[in-house]
Amino acid sequence: MNDMTARRKFILIVLLVTTMDWAFWTGGQLFNLLMVVPGWSYDAPETIRWYQQHMLSHDIAYFFVVANPVFFIIPAIIAWISSTRLRTPFVKWFGVAVLCDLVVTLVVGLWMAPTARRIFAVAARGVGNFAAESVALHYWKIANGARVVLEIITLLLFLIALLKFREADHLPRLENAGR
């Protein structure tokens, strides 16, 4: 095995940590999709209020903050940019994984999380007509399923990138080829 440069070590560490976080996050999101969301959404707004009172009131680590891959997106982008000089198949897989990571982060941050917070806030107030939020909840649940599928794909891409990085470690270095 070639001894690694500091850049390659940085890329590997970021890739490992990001992949582990994506595994944790994706598993949690799959559980959320299949077990949690149906429980709080089947008879909204009553079930949302029950969920808020009984499930969100505990002093435990909040999964969506603890495991959120948003914390690793900047290091992942920097690591991918640093990896583009390696000229191995790993770079392509890593780049697509980082792009999917960015898409998920933007969709969740700009639409899904604010929409869920609004739906929960309207349900908590318990006044007015919940019909408009019911439509939003329907579309949110569809988008949530699609997002989880993209997250599974993203995890697989990070895993492939990890395997390709390992394969690239046994290839001759092409970092300075043609320069």
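**Exercise 1.** Determine the handedness of the crossing of H1 and H4, and classify their relative orientation.

*Solution.* The crossing of H1 and H4 is left-handed, that is, the near helix is turned anticlockwise from the far one by less than a right angle. The model is predicted, with local features requiring pLDDT of at least 70, side-chain atom pairs counting only at pLDDT 80 or more, and totals for chains, interfaces and linings using all residues. Residues are numbered from 1 along each chain as its sequence is written, and side-chain values use heavy atoms, without hydrogens and water.

The axes of H1 (residues 6-41) and H4 (residues 73-83) come within 9 Å and cross at roughly 140°. H1 and H4 are therefore oblique to each other; angles under 35 degrees count as roughly parallel, over 145 as roughly antiparallel, 65 to 115 as roughly perpendicular and the rest as oblique.

**Exercise 2.** Identify the residues through which H1 meets H4.

*Solution.* With contact meaning heavy atoms within 4.5 Å, H1 contributes Arg7, Phe10, Ile11, Val14 and Thr18. Their partners in H4 are Pro75, Ala76, Ile78, Ala79, Ser82 and Ser83.

**Exercise 3.** Describe the packing of H1 against H2.

*Solution.* The axes of H1 and H2 (residues 46-54) are 6 Å apart, at an angle of about 120°. H1 and H2 are therefore oblique to each other. In this pair, Val36, Gly39, Trp40 and Ser41 of H1 meet Thr47, Ile48 and Tyr51 of H2.

Notes
Axes are lines fitted to C-alpha atoms, for helices over the stretch in contact, and angles run from 0 to 180 degrees between N-to-C directions. Helices (H or I, at least four residues) and strands (E, at least two) are DSSP runs, numbered from the N terminus.
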